[in-house]
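Trainee: I've got a model open and I'd like to learn how to read it. Can you walk me through it?

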Amino acid sequence: MNISRGKREHAKAGRADGAGGGAPGRRSVLGGLVALPVVLSVGAATPALAASAVRPGSAPTAADDLIRGTERRYNAPLLTAGTRLVLPAGVKAAPVLDYYRRPRLASAASAWPYLRAADGTTVDASVIPERGAPTRIAMLSGFTEGWYELNHANGRADRVTWDASKLPYLWVYGEFGATKESPYRDRFYALALQPMSRIPYLRGTTIL
């Protein structure tokens, strides 16, 4: 793993729209995927850090407000099958079910990198699949350190860090072309990641 060849970033954080925040919606994700054909904020290979929970100078927020770190989106052609998402040890993943209609958190979490995809199969979510693979959407927890690294097939490594004591969750959205409903229908091959202060979905279990 050659971090010096890649890019490190520290994602800034801000409150979600609306009091108390809300779950990432498919419209916002779709709009972002259309607008950004490669990766958000591609630049020089200099260290960049990930997130402080509140913007400097902002007013204190209520305990239940949803604070979001910077969302990073990776798209083809930079994102390819075989790209690997590396996370700290001890992370757990709970899939978000029925994301495009009535999103809710699954009642059970699994040890990363195993995750239940949209078609019900269990996949190794650390490896980006070929085009046509089922959607993967999950909330990750258990971060003692806030970082992830995306190791691309071309040798590039993108590392993002944040303050896990303030943003202890990571939202992961992978759309790889299997979604049948319009306007997705094989149009997108993308991965989005965003640190968050809490889980924005209704859930049937507590994730430690």
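Predicted model: local features only at pLDDT ≥ 70, side-chain atom pairs only at ≥ 80, totals over all residues.

Trainee: How is a pair of aromatic rings described?

Mentor: You take the distance of the centres and the angle of the planes. Here, the count comes to 6 aromatic pairs.

Trainee: Which charged end sits over the ring of tryptophan 147?

Mentor: That's arginine 159, whose charged end is 4.2 Å from the centre of the tryptophan 147 ring.

Trainee: Now the loops. Where does histidine 152 lie?

Mentor: Look between strand S12 (146-151) and strand S13 (157-162): histidine 152 is in the loop that links them.

Trainee: Is histidine 152 buried or exposed?

Mentor: Buried, because its relative accessibility is 6%, and the cut-off for buried is under 20%.

Trainee: And which residues does histidine 152 touch?

Mentor: Leaving out residues up to four places away in sequence, histidine 152 touches Tyr74, Leu78, Thr83 and Asp158.

Trainee: Let's zoom out. How many helices and strands does the protein have?

Mentor: You'll find 1 helix and 15 strands. Of contacts between residues at least 6 apart in sequence, 76% join residues at least 24 apart.

Trainee: What share of the residues counts as buried?

Mentor: Of the 208 residues, 50% do.

Trainee: What about the surface?

Mentor: The protein exposes about 9900 Å², and 53% of that comes from carbon and sulfur atoms.

Key:
Residues numbered from 1 in each chain as written. Heavy atoms only, no water. Helix = DSSP H or I, 4+ residues; strand = E, 2+ residues; numbered from the N terminus. Buried < 20%, exposed > 50% of the residue type's maximum accessible area, 1.4 Å probe, protein only. Contact = heavy atoms within 4.5 Å. Areas by Shrake-Rupley, 256 points an atom, 1.4 Å probe, with all protein chains shown as cover. Phe/Tyr/Trp six-rings, centres within 6.5 Å; stacked < 30°, edge-to-face > 60°. Lys NZ or Arg CZ within 6 Å of the ring centre and 35° of its normal.
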